[in-house]
Amino acid sequence: MTEEITAFHEAGHVYAAIFVGARVQSVTIDPDNDDGPDRTGDTVVLWDRRRFSQQQLAEKAAWVALAGPVAEMIHSQNPFHPAGIAEWQQDWETAFECFDSISNIQQRLARLEQITVDLYQAFSQDRHWAAIGAIADNLLAHETLDQEMLEEIVEPWLMDA
């Protein structure tokens with residue numbers, strides 16, 4: 001995976017997290033792999049559990065998990081199914097686990113696929129894609145961004161939301 005693709009992938013996670021009301025502590029395309037699995041990027045999302053019900057939190061976390069693959073799909077112009085790409089397996093599994101309250105697997109898969117379609121349509125809009133692009137550009141320039149930097153980068157687009 002190239003650094004540019006990783007930057008767009010992580011930017012998708014970041015933008016979705018901020019958009020749904022979470023805070024992003026940091027994002028990097030140069031992660032320290034000695035504390036976990038080998039990965040090319042890492043986004044640390046902080047959730048205020050008092051602000052969201054368990055159901056809302058699960059829904060929002062699934063959106064954030066699938067947002068990385070969707071941003072990568074749009075950037076590469078290859079709309080693959082998120083479950084079918086090895087590099088996206090962890091994101092798909094995270095999203096799948098968010099809906100463990102849905103015992104019917106077919107219904108759970110249908111919900112995840114609908115979120116993927118919704119994200120694809122939303123991220124394809126100019127204002128959302130411009131924000132994701134700005135995050136990716138800054139990641140490529142600095143490799144790691146903190147919460148303050150991210151809020152400054154996305155502020156112009158969230159004001160229009």
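Where does glutamine 77 lie? In this predicted model, glutamine 77 is found in the loop between α2 and α3. The backbone there deserves a second look. Most residues other than glycine have a negative phi. Glutamine 77, however, has a positive phi, near 60°. The residue is also exposed, with a relative accessibility of 67%.

Asparagine 78 belongs to the loop between α2 and α3 and is partly exposed, at 32% relative accessibility. Its C-alpha atom is separated by 25 Å from that of isoleucine 18, which is 60 residues away along the chain. Glycine 84 is likewise placed in the loop between α2 and α3, and counts as exposed because its relative accessibility is 61%, over the 50% cut-off. From glycine 84 to asparagine 104 there are 20 residues in sequence, and the C-alpha atoms of the two are 20 Å apart in space.

A positive phi also turns up in another part of the chain. Glutamate 143, which is not a glycine, has a phi of about 70°. This residue sits in the loop between α5 and β3, the latter covering residues 144–146. With 31% relative accessibility, glutamate 143 is partly exposed.

The largest nonpolar core holds 44 residues, and the members that touch the most others are Phe123, Ile135 and Leu150. At least two residues of this core come from each of α1 (3–19), β1 (23–28), α2 (54–76), α3 (89–98), α4 (105–123), α5 (126–142) and α6. Helix α2 provides the largest share, 11 residues.

Side chains of opposite charge can pair when their charged atoms come close. How many salt bridges does the count come to? The count comes to two. One joins the side chains of arginine 111 and glutamate 59, with an N to O distance of 2.1 Å. This pair links distant parts of the chain, since arginine 111 is in helix α4 and glutamate 59 is in helix α2, 52 residues apart. Both partners are partly exposed: arginine 111 has a relative accessible area of 25%, and glutamate 59 has one of 22%.

Finally, the surface carries a negative patch. Which residues form this patch? The members are Asp146, Glu148, Glu151, Glu152 and Glu155. Helix α6, spanning residues 147–158, gives the most to the negative patch, with four residues. Glutamate 151 is found in helix α6 and is partly exposed, with a relative accessible area of 41%.

Definitions and conventions
Residues are numbered from 1 along each chain as its sequence is written. This is a predicted model: local features need pLDDT of at least 70, side-chain atom pairs count only at pLDDT 80 or more; totals for chains, interfaces and linings use all residues. Side-chain values use heavy atoms; hydrogens and water are left out. Patches are made of residues with over 30% relative accessible area and no salt bridge: like charges are joined within 9 Å, nonpolar side chains (Val, Leu, Ile, Met, Phe, Trp, Tyr) within 5 Å. Accessible areas come from the Shrake-Rupley method with a 1.4 Å probe; for residues, only the protein chains shown count as cover. A salt bridge is a side-chain nitrogen of Lys or Arg within 4 Å of a carboxyl oxygen of Asp or Glu. Lys and Arg count as positive and Asp and Glu as negative; His and the chain ends are not counted. The place of a charge is taken as NZ of Lys, CZ of Arg, CG of Asp or CD of Glu. Buried means under 20% relative accessible area, exposed over 50%, partly exposed in between (1.4 Å probe, protein chains only). A nonpolar core is a set of buried Ala, Val, Leu, Ile, Met, Phe, Trp, Tyr and Cys residues joined through side-chain atoms within 4.5 Å.
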